[in-house]
Amino acid sequence: MTIREITQIIPGQPASDGAGVKLTRSIGARPSWRIDPFLMLDEFASDEAADYIGGFPSHPHRGFQTVTYMLDGHMRHEDHLGNRGDLQSGDVQWMIAGRGIIHSEMPQQTEGRMRGFQLWINLPAAEKMQAPAYRDIKAQDIPRRDLPGGGQLKLIAGELVLGDESVSGPIMGLSTEPLMVDLELPAQASFSVPLAPELNGLIYIYEGAIKLGEQRLEAQQVGVLGDGDRLELEASGSGGKVLLLAGRPIGEPVVQYGPFVMNTREEIDQTLRDYAAGQLTSPETAAAARL
């Protein structure tokens, strides 16, 4: 058994996106801060409507997956084909953009707290031009487990072995084998779990502080995990809340132009031509299949 250690710390950077939504971007804030297969991780969190009310008006995607996880608030997704989904506190939307989708994500509140995450996960070349697909996951459909010594986890994607129990999240069977866990630990509590050595892994601290061995991570920091087959975390005196992400690396070139992620510059140029011609997607290839 080899315990994974922190090999890199990536600090969250203040940023804005959409129509002025204020957020913290860690993975993807720089091209060198991508952790294959993860392209971007944003946290948005504010009690001030001015920080989020503009939302994310209609925009295109091609070549990757987006995961929206709401902690607090109400956001509505709509696409150009009339598909619609409402995300409220604790809900998740998993979207494979595939060959193309044009959608919006707009707040359905004018006051109060809006908090959540958006994660971008790459697709291998063989899957980039597949038909788009969605899955809206309600909070009550996400497995939760109480942890020994206090704390709780929610398993959004992938599989975990917790003691004698194997737990599966609602998202399974994707080629990058994504694991996504929301973990809450009270003060001084620890968490230990097997983590397949072939998966790249990282943790994002969104409240409190966490220790891995001698390394301490504070809120809005990413800890990139090194090689090993087990993860061991310990919460600080104030406790901690963590997103644990892992996935099978793709190992292919990444060429990104805004909301498009392909393997070559020529594919990006073709995507821009398709978008300009209104051919990014079509009803025949964007029927929004269910994951």
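Visitor: Let's start with Glu 177: where does 35% relative accessibility put it?
Guide: At 35%, Glu 177 counts as partly exposed. The cut-offs are under 20% relative accessible area for buried and over 50% for exposed, with partly exposed in between (1.4 Å probe, protein chains only).

Visitor: And what sort of model is this?
Guide: This is a predicted model, where local features need pLDDT of at least 70 and side-chain atom pairs count only at pLDDT 80 or more, while totals for chains, interfaces and linings use all residues. Residues are numbered from 1 along each chain as its sequence is written, and side-chain values use heavy atoms, with hydrogens and water left out.

Visitor: Back to Glu 177, then. Where is it in the chain?
Guide: Glu 177 sits in the loop between strand 16 (165-168) and strand 17 (179-185). Strands here are DSSP runs of E with at least two residues, and helices are runs of H or I with at least four, numbered from the N terminus.

Visitor: Which side chain forms a salt bridge with Glu 177?
Guide: That's Arg 248, at 2.8 Å from N to O. Arg 248 lies in the loop between strand 22 (230-247) and strand 23 (255-257), so with Glu 177 it ties together parts 71 residues apart in sequence. Arg 248 is partly exposed, at 30%. A salt bridge here means a side-chain nitrogen of Lys or Arg within 4 Å of a carboxyl oxygen of Asp or Glu.

Visitor: How many salt bridges does the whole structure have?
Guide: The search finds 16. One of them pairs Arg 25 with Asp 42 at 2.7 Å, N to O. Arg 25 is in strand 3 and Asp 42 in strand 4, 17 residues apart.

Visitor: Are Arg 25 and Asp 42 buried or exposed?
Guide: Both are buried.

Visitor: Changing topic: where's the cis peptide bond?
Guide: It joins Asp 36 and Pro 37, with omega about 10°. Pro 37 is in the loop between strand 3 (21-25) and strand 4 (38-46). Most peptide bonds are trans.

Visitor: Last topic, sheets. What's the strand order in the open sheet of four strands?
Guide: The order is 5-10-7-8, with antiparallel pairing. Two strands pair if DSSP finds at least two bridges between them. Strand 5 and strand 8 (84-88) are the edge strands, each pairing on one side only. Neighbouring strands are turned by 20° against each other on average, direction ignored; the axes are lines fitted to C-alpha atoms (for helices over the stretch in contact), and angles run from 0 to 180 degrees between N-to-C directions.

Visitor: How many bridges join strand 7 to strand 8?
Guide: Five join strand 7 (residues 74-79) to strand 8, and the two run antiparallel. For His 77, the bridge partner in strand 8 is Gly 85.
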